[in-house]
Structures are given as C-alpha cells and as structure tokens.
Amino acid sequence: MKHVRLVATIVLIIFLAISCTSSAVKKERAQDTRNAALLEKSVESTDQNFVKGKTLLEEEKYEEALVAFEKSDYSQALFYRAMILQNKGHLDESEKLFKKCIENNTLKSESYYNLGLIAFDRGNTPLSGEFMDKVLEISPEHIPSLYFKGNLYFIETDLDKALEYYNKALKIDPRKTELWDAVFTVKLQKEEYGECWKIRDKIELSNPMILANILKIGQKLEHYEETLALIPENLENEPSIRQEKRIILTRIGKLKEAIEMANEDMSEKPELDYAVID
C-alpha cells in the first residue's frame, strides 16, 4: 500500500513538475515576445534613418525619404520603401518588397492590401480581390479592404454584394462619409430613392455630382422645400445645381425667382440662348 502511495506521489510530483516546466516555458516565450516587441519599438525610436524617412515622407520629399529608409535597419523601413516605389509607379520593385514584408511578418495586412492595389493597377481584378481576401483573413475589420472589395463587386455590377461589404465597413466605423457615398451610389443604381433620401445627412453634399443627384431625388419624392435647404452657399452657382434649383422653384410656384435665375444664366452664357438650326 505504501508502495502504491509512493508511486502515486512520484507521478503527481512528475506531473506537477511537467506542468510547472510547461508553464515556465510559456511564460518565458511570452516574455521573449514582449522583449522582442519592446526591442523593436526601441529600435524605431533610436533608428534615426527611419525617423528621418518618416519626417521626409510627411513633407512629401519622396526621393530623400526613400534614401533614408534604405539606410534604416528597422523592419518597417522595408514597407515604407515599397510604398514610395509603388507611388512612383515602380510596381515590380514595390511588389517584391511587399512580398518580402509578408515573408518577414512585417505589416502583413497592409502589404497584402497594397499588393491588391498593384494587381488592380495592372488590370488583374480577380487577383486584386484575392489579395483583399487575404487581408480580411488576417484583419476582418480592415476597412480599406472591405471598401475596396465592395468597389470590385460594384464594378462587376453585383450591387447586393457591393452593399454587403460597404455595410460591413460601416458597422466598424459609421462616420466614414466615403462609405455612405458608396451606399448612396448603390441605392441610386437600384432606384431605391426613398433609401437614398434617408441617408442624405450622411453623404458628401459638398460634391456637386452627389448633391445634384440628391436634388433630383428630392424632386421625385416631392420634398421640395427640404431639398432646396440642402444647397450650400458655396455650390449655389454650380451650373448643375442652379438648373435643379430652377426646376424646384418652378414646381413650387416661385416662377419669378426661377425666371430671374434663367435670365442670369443666359446672360452669362449667351451661346446657350439659341439652338443652332441647319
């Protein structure tokens, strides 16, 4: 009986020792990871070439920034070199560097994203979509990739799928106007004018094209007064906006004001007064 207890005790001690060792190894590895991260951060702050490169990049001095990043030993310098080369149109060189970043596990999501942009610039839409999918596998909430995937589906006229990706991005950040503009464009294509009108306060009404469209929608829905109130002062003299405004004024019975606007427009552009008849 004592022998059984002794064996059981030994087994328990061995088990505890293994557990402790495993725990210690895990802690040690975690500490190593933290130390590596701290070291990397320290390198960034002390690597003067990297700091100089980022400063020059912000100042849009791309050639000088590229030289600084080439001299840097900091891992992310490779990514910035690739990004500058991409912006300069050197797609082959930048592609190689982004792939190297992925191999080194450096800014992996952003590197895949930029490879997607390069593929799109080369006209390879399917490959571009594949790279965006890789980004989303790593970072499901990567808004630029969600937005880009939506745009790819929009190009393919798969409006429902495009809307799905735009909405995914909006759930993450509902403040982004460009996403609402994209949703507006899809709804407009689908002739869902009521839905377009509902999001009028979220879209970029400083864009004359978008504003002109929402003015037309307001007329279709007969929201005349509300529609007129959407026109900002800085866009009142845009030809497309003035045209829509004249139509609305006519429809709500303000004929005198509409005629005055028409006369002003004709005096500024007399070539539009008459049609040419052969």
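## Helix packing and exposure

Helices H10 (residues 177-189) and H12 (residues 208-220) pack at an angle of about 45°, with their axes 12 Å apart. The model is predicted, so local features need pLDDT of at least 70 and side-chain atom pairs pLDDT 80 or more, while totals for chains, interfaces and linings use all residues. Residues are numbered from 1 along each chain as its sequence is written, and side-chain values use heavy atoms, without hydrogens and water.

Helices are DSSP runs (H or I, at least four residues) numbered from the N terminus. Axes are lines fitted to C-alpha atoms over the stretch in contact, and angles run from 0 to 180 degrees between N-to-C directions.

| Helix | Residues in contact |
|---|---|
| H10 | Asp181, Phe184, Leu188 |
| H12 | Ile210, Asn213, Ile214, Ile217 |

By class, this contact has five nonpolar, one polar and one charged residues.

Aspartate 201 lies in the loop between helix H11 (193-198) and H12. Its relative accessibility is 63%, so aspartate 201 counts as exposed (over 50%; buried is under 20%, with a 1.4 Å probe and protein chains only). Aspartate 201 and tryptophan 180 are 21 residues apart in sequence and 9.7 Å apart in space, C-alpha to C-alpha.

In helix H2 (residues 48-58), the buried residues include Phe50, Gly53, Leu56 and Leu57. Seen down the axis of H2, its buried residues fall within an arc of 125°, so they line one face of the helix. Gln48 and Glu58, on the other side of H2, are exposed.

Definitions and conventions. Helices (H or I, at least four residues) and strands (E, at least two) are DSSP runs, numbered from the N terminus. Contact means heavy atoms within 4.5 Å. Ala, Val, Leu, Ile, Met, Phe, Trp, Tyr, Cys and Pro count as nonpolar, Asp, Glu, Lys and Arg as charged, and the others, Gly among them, as polar. The arc is that of the directions from the helix axis to the C-beta atoms.
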